[in-house]
Amino acid sequence: MLDGATGNPSFGALESQFRNRIGRRVVHLPRTSSTMDDARESVKRAERSDELHGTVIIADEQTRGRGRFDRTWDSEPGEDILISVIVCPRPSISGQLTIMASLSSALAVESLTESIVEIKWPNDVLVDGKKICGILAEGSMIANMFVGILGIGLNVNRRIDVVESRDYRATSIRELSGSDASINRAEVLRVLLEKLNEVYDFVDKGESIMPDWRDRLTTLGLEVSVSMGTKNGAGEVVSGIAEDVDEFGRLLIRESSGMLKAVSSGEVTMRKSGDSG
């Protein structure tokens with residue numbers, strides 16, 4: 001089902017399958033600096049937020065793709081899913097964008113590969129401890145309405161030997177599927193959009209995805225340090241046992257003093273409680 005040429009996948013054909021939903025408009029760019037930059041420009045130019053909802057921008061190649069903390073997101077041209085999705089959620093659910101995107105991506109990978117998929121808080125999707133997907137989420141206001149942008153980088157045909165290093169382990173859908181042929185990215189995007197719509201609609205109806213998201217977290221029960229700095233600057237570091245997450249997705253860390261601290265974002269390093277070194 002997934003095997004197929006990656007040269008010129010028909011991403012635009014997906015629009016008819018997602019009328020009035022996420023994916024109702026698909027903008028396919030052979031090459032761009034960053035789909036997040038393109039999405040931001042679309043938001044700036046829009047006169048009404050409702051004309052934006054459901055827009056998906058996908059690129060075959062990004063020249064300045066970025067992950068969290070402005071880290072470079074590397075991908076070979078035409079190999080992976082590099083998208084930014086524009087949504088206009090109700091204010092009450094606008095704080096769950098990262099949760100929705102990471103859970104949707106995990107469900108998509110699970111469906112495509114039959115793997116056990118986990119999430120490293122707050123936004124890395126993992127299989128066997130290897131990263132297969134990263135998430136970015138941000139928001140702005142247009143005429144008193146919230147507009148969110150979800151950035152999703154999903155490894156599809158990525159050659160793992162190119163990116164493997166001591167500090168970074170990765171995998172891809174092709175590797176997990178055991179396929180000799182390239183995986184059709186349009187089919188992967190279709191499955192991803194299906195899961196994103198399912199999760200978004202579920203939350204929009206007032207249902208909670210927190211139990212499903214929480215159950216996938218690899219972080220809970222471990223001793224962690226969360227750095228809230230940036231790529232170029234140090235920031236506060238919170239260390240302790242990751243006990244739980246709250247209804248907003250914040251990580252609840254029990255510090256050595258006994259104080260429970262809620263952390264909304266940051267770079268996490270983990271080890272099992274009691275480990276030394």
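What percentage of the 277 residues in the chain do buried residues make up? I found that buried residues make up 50% of the 277, where buried means under 20% relative accessible area, exposed means over 50%, and partly exposed lies in between, with a 1.4 Å probe and protein chains only.

I note that this is a predicted model, in which local features need pLDDT of at least 70 and side-chain atom pairs count only at pLDDT 80 or more, while totals for chains, interfaces and linings use all residues. Residues are numbered from 1 along each chain as its sequence is written, and side-chain values use heavy atoms, with hydrogens and water left out.

**Fold and cores**

I looked up the secondary structure and found six helices and twelve strands in the chain; these are DSSP runs numbered from the N terminus, helices being H or I of at least four residues and strands E of at least two.

I then turned to the nonpolar cores, each a set of buried Ala, Val, Leu, Ile, Met, Phe, Trp, Tyr and Cys residues joined through side-chain atoms within 4.5 Å. The largest has 61 residues, of which Ile81, Ile83, Trp121, Leu154, Leu189 and Trp213 touch the most other members. Helix 5 (residues 185–204) gives the most to this core, with ten residues. Apart from it lies another core of eleven residues, including Met36, Val43, Ile57 and Val147.

**Salt bridges**

I counted a salt bridge when a side-chain nitrogen of Lys or Arg lies within 4 Å of a carboxyl oxygen of Asp or Glu, and the structure holds 16 of them.

Arginine 40 pairs with glutamate 138, their closest N and O atoms being 2.8 Å apart. Arginine 40 lies in helix 1 (residues 35–45) and glutamate 138 in strand 6 (residues 130–142), so the bridge ties together parts that are 98 residues apart in sequence. Arginine 40 is partly exposed at 31% relative accessible area, and glutamate 138, at 29%, is also partly exposed. I also noted that Asp37, Arg40 and Glu138 are linked in a network of salt bridges.

Aspartate 204 and arginine 90 meet in a salt bridge at 3.1 Å, N to O. This pair links distant parts of the chain, with aspartate 204 in helix 5 and arginine 90 in the loop between strand 3 (81–87) and helix 2 (97–113), 114 residues apart.

Within helix 5, lysine 195 and glutamate 198 lie three residues apart, about one turn of the helix, and their closest N and O atoms are 3.9 Å apart. Lysine 195 counts as buried at 18% relative accessibility, whereas glutamate 198 is partly exposed at 45%.
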